[in-house]
Amino acid sequence: MGVFLCLLLVLLVSACSAAGGASAGGERCVRQGKASYAPSLSPVPQGSGVCGYGAMAAEINGGFLAAGGPRQHRGGLGCGRCFQMRCKDAKLCSSRGVRVVLTDFHRSNRTDFLLGGPAFAGLAKPGMAHELKRLDALSVEYKRIPCDYKDKNLSIRVEEESKSPSNLVVKFLYQGGQTDILAVDVAPVGSSEWRFMTRVRGPVWHTDRAPAGPLQFRAVVTGGYDGKWVWAEREVLPAHWRPGQVYDTGVRIADVASDGCRGCAGGAAAAALDWK
């Protein structure tokens, strides 16, 4: 069983690295791009958003939200990622910039990010937010950073479309560090009969074969090219789980990409850039 798990982990991490291409090789690189103001992202995405956060997005990062283009969204893998960003107009823009969480997807090829009101205003110097909103698109520099949810453990929300006992749809919340979740399994507490779940969108996973009884979860988590199995060694969902409820896994993820800043301008110096 252990050999099988190791092989599966290697295959998943390899697939992720191949899919990520150059972007995976520079997780900590500072990149150049464009950002625009999006009133629909203030304070929460319309509907559930492509990533599926809905109204909970505002709770994740105080309303500092962003919708990412294809390079940032990565088919849903980028949902929940954290970025530090600042604009480059010395007259209007703060040198410190703002930290945002990616909670939606946008299809425009004109900008890399659409920012909600609080995030866009956070780019500006004091008193300059109104002037900044007059601009069509801002030149920005940005980098992916570890997500830090302070006292929050990785949590699971049972989505409303779940139907007990076997149809289970869950959403992962407060995924810390600079990490991606590549696979999720569920099993009865104390059992080794794991059943895989399928990604629906972003942080949302589904199975129509959920086992009965109290449930435990495990996941393949990667930081850069490094991956590992993470699981809660306890009951996460009770036998009578309820849609709409959030359950604490007791696990905290804080891994940071270990691949450095290969293949991007500025190298390690750019990766270490501290915007204050």
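Tutor: C82 and C147 are joined by a disulfide with an S to S distance of 2.0 Å, where a disulfide is a pair of cysteine sulfur atoms within 2.5 Å. The link of C82 and C147 is right-handed, with 115° about the S-S bond. C82 lies in strand β3 and C147 in the loop between β6 (138-145) and β7 (154-158), so the pair ties together parts that are 65 residues apart in sequence. Helices (H or I, at least four residues) and strands (E, at least two) are DSSP runs, numbered from the N terminus. Both C82 and C147 are buried; buried means under 20% relative accessible area, exposed over 50%, and partly exposed in between, with a 1.4 Å probe and protein chains only.

The model is predicted, so local features need pLDDT of at least 70 and side-chain atom pairs count only at pLDDT 80 or more, while totals for chains, interfaces and linings use all residues. Residues are numbered from 1 along each chain as its sequence is written, and side-chain values use heavy atoms, with hydrogens and water left out.

A search of the whole structure finds three disulfides. One of them joins C51 and C79, with the sulfur atoms 2.0 Å apart. This pair links distant parts of the chain, 28 residues apart: C51 is in the loop between β1 and α2, and C79 in the loop between α3 (70-73) and β3 (82-87). The link of C51 and C79 is left-handed, with -80° about the S-S bond. C51 counts as buried because its relative accessibility is 0%, and C79 counts as buried because its value is 9%. C87 and C93 also form a disulfide, S to S 1.9 Å, and their link is left-handed, with -115° about the S-S bond. C87 is buried, with a relative accessible area of 6%, and C93 is buried at 5%.

C147 is among the residues that lie nearest the centre of the largest pocket, along with N61, D148, Y149 and K150. On a 1 Å grid over the protein atoms alone, a pocket is an open set of points with protein on both sides within 12 Å along at least five of seven lines, a cavity is a set where a 1.4 Å probe fits but cannot get out, and lining residues have an atom within 4 Å of a point. The largest pocket has a volume of about 250 Å³, a volume being the space filled by probe spheres set on the points, which are joined across faces, edges and corners. Its lining of 15 residues divides into nine nonpolar, one polar and five charged. Ala, Val, Leu, Ile, Met, Phe, Trp, Tyr, Cys and Pro count as nonpolar, Asp, Glu, Lys and Arg as charged, and the others, Gly among them, as polar.

C79 lies nearest the centre of the largest cavity together with Y53, G80, Q175 and P203. The largest cavity has a volume of about 200 Å³ and is lined by 24 residues, by class 13 nonpolar, seven polar and four charged. β8 (168-173) and β9 (180-188) each supply at least two residues of this lining.

Strand β3, which holds C82, belongs to a closed barrel of six strands, β1-β5-β2-β4-β3-β6, with mixed pairing; two strands pair if DSSP finds at least two bridges between them.
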